[in-house]
Amino acid sequence: MAHSLSAAFALIALVTLLVGCGRGAPAPSAPAVTRTPGVDVTDEPPAVDLAKDWPWWRGPLGNNVAVCETAPTTWDETTNVVWSVPVPGRGHASPTVCGDGVYLTTADEQNERQIVVAYDRATGEERWQTVVSEGGFAGHAHDKNTQANSTIACDGERLFTAFLHDDEIWLYALDLGGSVVWSTKAGDFAPQFGYAPSPAVYGSAVLVALDSLAGGRLVAIDRRSGKIAWIADRTPWASYSSPAVGKIAGQDQVVLTGGKLTTSYDPKTGEELWRVAAGPETTCGTPTFDDERVYASGGHPERMTWAVSAAGSGTILWSNKERVYEPSLLAAKGLVFAVTDEGIAICWDGTTGEERWKERLGGNFSASPILCGGNVYVTSDRGETFIFEATGEEYREVATNQLGTDAYATPVICDSRIYLRVGDSSSGERQERLVCVGQ
């Protein structure tokens with residue numbers, strides 16, 4: 001993705017990236033936070049079953065690690081397929097699995113409609129479709145982009161989805177029957193390559209990231225009322241990463257990359273906990289984390305993968321010049337796994353950044369790797385899912401499985417089943433499908 005630095009934001013160009021260990025160059029002072037009196041963010045947990053559901057982007061733990069210990073490792077168009085159903089329109093959002101439903105966003109690009117679709121978790125039967133917005137689509141921006149990129153977040157009672165239209169980002173809340181409960185404008189947005197971030201749930205709020213030349217911001221919106229609780233201003237860069245939410249270094253944090261910074265926020269107040277001058281101007285993948293560190297990668301204009309200490313004021317621990325742009329990283333078992341856009345799988349030591357192994361898988365990748373038990377699952381753009389052992393000793397392939405003819409959405413794994421959104425062009429006209437794989 002090409003992007004030219006605007007002279008109006010030349011101050012940010014003075015931030016020096018540190019390649020190696022140690023603290024980055026001093027970052028600009030923290031932008032303002034605007035809070036709405038009487039709309040407080042609490043740590044009230046959502047009513048979801050984290051042991052059986054995949055309620056939002058990056059899964060129940062926020063790091064693409066499945067809670068279940070087993071899932072199928074072999075499948076094809078008929079083997080281990082529980083059900084397979086057509087999906088209307090086009091989108092790259094991942095499935096959201098919550099309660100007895102599976103939910104997807106999609107878009108009818110010809111008629112400019114953005115849609116939420118619900119399926120029965122047991123049978124795949126379509127329950128309902130709701131058109132949440134019509135018109136105002138941004139023009140074609142990128143071959144890999146769609147008008148429905150954001151994965152739905154579910155709190156057990158409502159579905160939250162973010163859409164770009166009319167150069168604005170709107171967050172919609174639907175009940176589980178498909179009715180729109182409320183809608184809130186999160187902010188203006190200058191679409192360069194469309195909109196990609198997925199909403200994240202923390203306590204009583206939904207968090208929405210908007211990084212564009214119209215003005216960057218991270219917004220917390222009350223789950224029940226739709227009222228904005230706080231807005232944290234960010235540097236005005238075009239970037240596409242979703243916020244990562246989790247307990248890191250002993251405290252609740254929201255971490256977001258982009259604009260040559262890695263920034264952590266207090267999810268209750270929007271105040272910055274720390275920021276480090278680490279990362280390129282534009283990132284797409286969501287930061288990942290373990291108990292002590294945050295890991296991220298980006299690809300424009302610099303190529304960089306890096307690790308930051310999440311305690312105190314933040315410190316760069318290690319970095320390299322590997323480029324993992326669209327897929328997100330996966331941190332597990334003291335290791336960091338990645339599959340680059342060009343199909344190279346890499347394993348690093350999470351503490352030191354030492355490369356443990358590297359293996360060419362072949363093909364191109366947009367989806368992110370997932371850990372289930374002792375295996376890593378990752379799906380290529382041509383619909384091939386590679387499964388390999390989550391070890392730092394060497395690359396050990398478990399299986400490779402084909403489904404459909406293309407895939408751009410990250411699959412999800414919960415309750416020992418895998419849900420994949422794939423495209424099938426075998427009949428000549430592309431048709432998206434939602435497939436449940438299980439034994």
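This is a predicted model: local features need pLDDT of at least 70, side-chain atom pairs count only at pLDDT 80 or more; totals for chains, interfaces and linings use all residues.

**Charge and overall build**

I started with charge: the chain carries 34 positive and 55 negative side chains, and the centres of the two sets lie 3 Å apart. For that count Lys and Arg are positive, Asp and Glu negative, while His and the chain ends are not counted. Each charge is placed at NZ of Lys, CZ of Arg, CG of Asp or CD of Glu.

Residues are numbered from 1 along each chain as its sequence is written, and side-chain values use heavy atoms, with hydrogens and water left out.

Next I looked up the secondary structure and found 0 helices and 33 strands. These are DSSP runs numbered from the N terminus (helices are H or I with at least four residues, strands are E with at least two).

Then I checked the dimensions. The C-alpha trace spans about 55 × 50 × 40 Å along its principal axes.

Buried residues make up 60% of the 439 (buried is under 20% relative accessible area, exposed over 50%, partly exposed in between, with a 1.4 Å probe and protein chains only). I also looked at contacts, meaning heavy atoms within 4.5 Å. Of those between residues at least 6 apart in sequence, 55% join residues at least 24 apart.

**Aromatics around Trp-357**

I found 14 aromatic pairs in the structure. One of them is Trp-357 with Phe-388, edge-to-face at 5.7 Å centre to centre and 90° between the planes. The cut-offs: rings of Phe, Tyr and Trp (its six-membered ring) pair if their centres lie within 6.5 Å, and planes under 30 degrees apart are stacked, over 60 edge-to-face, the rest tilted. This pair links distant parts of the chain, with Trp-357 in strand S26 and Phe-388 in strand S29, 31 residues apart. Both residues are buried.

Trp-357 also pairs with Tyr-395: the ring centres are 5.5 Å apart and the planes are at 65°, so I logged the pair as edge-to-face. Tyr-395 sits in the loop between S29 and strand S30, 38 residues from Trp-357, and is buried as well. Phe-337, Trp-357, Phe-388 and Tyr-395 form one aromatic cluster.

**Tyr-408**

Where does Tyr-408 sit? I found it in the loop between S30 and strand S31, partly exposed at 22% relative accessible area. Its C-alpha atom is 5.5 Å from that of Ser-366, although the two are 42 residues apart along the chain. Beyond four places in sequence, Tyr-408 contacts residues including Arg-90, His-92, Lys-144, Asp-381 and Arg-430.

The peptide bond from His-300 to Pro-301 is cis, with omega near -10°. Pro-301 lies in the loop between strands S20 and S21.

I noted a positive phi of about 75° at Arg-58, which is not a glycine. Arg-58 is in the loop between strands S1 and S2 and counts as buried at 2% relative accessibility.

Lys-333, also not a glycine, has a positive phi near 60°. The place of Lys-333 is the loop between strands S23 and S24, and at 56% relative accessibility Lys-333 counts as exposed.
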